Amino acid sequence: MDHTESGSDSTCTHAMSWNWNTVGACFLAESWYIENEGAFAASCIGVFILVICLELLRRLGKEYDSFILRQFQQHIAAQARASKEDGTCCSDAPAPGPQVVTFRATPLQQLIRSVIHAFSFGVAYILMLIAMAFNGYIIICIIIGAGVGKFLCDWMIAKVVVGSESQSNKEAAGLEEPSVCCG
């Protein structure tokens, strides 16, 4: 079922089913009207790059979370060393088990995390709306862009503890989220 709307010079075709339209297609708005093959190729390349940018934003969010957590861990380690050097500790005996310290992001850190999330969420929804044109070429560009973006921006690096039974039940870092969409 095709819906056509008249523009000033050309007709914008909005296909509501799978299609392979190139010239005459519109994406997101009538202003994104494809007048020739070059414009369609540029649109495919642009969508491909947009998906890579989405993967980069997702990686940026993960890296920022790791950064603020490392900052907190360094701060706690420095405090522990300072208290041990000052002799404020009651005894030299080690604590009877692991100690847990709760980390909560500062308002500024949380604001930065929220902005990164909002941008990635927005880009993901724009890509969803572009995909809703049901254009096969554009969807292929989205899929390939997601693969290339994952390859370039989310190279898995995990620390593996060897010889410890307690670590066997934990998930490897970087494997806990199959998709950041909707979460």
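The structure holds nine aromatic pairs (rings of Phe, Tyr and Trp, the last by its six-membered ring, with centres within 6.5 Å; planes under 30 degrees apart are stacked, over 60 edge-to-face, the rest tilted). One of them is edge-to-face because the rings of Trp20 and Tyr137 have their centres 4.8 Å apart and their planes at 75 degrees. This is a predicted model, in which local features need pLDDT of at least 70 and side-chain atom pairs count only at pLDDT 80 or more, while totals for chains, interfaces and linings use all residues. Residues are numbered from 1 along each chain as its sequence is written, and side-chain values use heavy atoms, with hydrogens and water left out.

**Aromatic pairs**

- Trp20 lies in the loop between S2 and S3 and Tyr137 in helix H3 (residues 136-153), so their pair ties together parts that are 117 residues apart in sequence. Helices (H or I, at least four residues) and strands (E, at least two) are DSSP runs, numbered from the N terminus.
- Trp20 is partly exposed, at 43% relative accessible area. Tyr137 is partly exposed too, at 35%. Buried means under 20% relative accessible area, exposed over 50%, and partly exposed in between (1.4 Å probe, protein chains only).
- The rings of Tyr64 and Phe67 form a tilted pair, with centres 6.3 Å apart and planes at 35 degrees. Both residues lie in helix H1, three residues apart, about one turn of the helix.
- Tyr64 is buried at 15% relative accessibility, whereas Phe67 is partly exposed at 38%.
- Ring pairs also link Trp18, Trp20, Phe27, Trp32, Phe40 and Tyr137 into a cluster.

**Asn19 and its surroundings**

- Asn19 sits in the loop between strand S2 (11-15) and strand S3 (26-27). Asn19 is buried, with 8% relative accessibility.
- The Asn19 side chain reaches the backbone oxygen of Ala133 at 3.0 Å.
- The side chains of Asn19 and Asn135 make a polar contact of 3.3 Å. A polar contact is a pair of N or O atoms within 3.5 Å; within protein, one must be able to donate a hydrogen and the other to accept it, and residues adjacent in sequence count only if both atoms are side-chain atoms.
- Beyond neighbours within four places in sequence, Asn19 is in contact (heavy atoms within 4.5 Å) with Ala133, Phe134, Asn135 and Gly136.

**Salt bridges**

- The count is six salt bridges. Each is a side-chain nitrogen of Lys or Arg within 4 Å of a carboxyl oxygen of Asp or Glu.
- Glu63 bridges to Arg59, with the closest N and O atoms 2.8 Å apart. Both lie in helix H1 (residues 37-86), four residues apart, about one turn of the helix.
- Glu63 is partly exposed, with a relative accessible area of 37%. Arg59 is partly exposed at 21%.
- Arg113 bridges to Asp65, with the closest N and O atoms 2.5 Å apart. This pair links distant parts of the chain: Arg113 is in helix H2 (residues 107-131) and Asp65 in helix H1, 48 residues apart.
- Arg113 is partly exposed at 30% relative accessibility. Asp65 is partly exposed at 30%.
- Lys150 and Asp154 meet through their side chains in a salt bridge of 2.5 Å, N to O. Lys150 is partly exposed at 39% relative accessibility, whereas Asp154 is buried at 18%.
- Salt bridges with shared partners join Arg59, Lys62, Glu63, Lys150 and Asp154 into one network.
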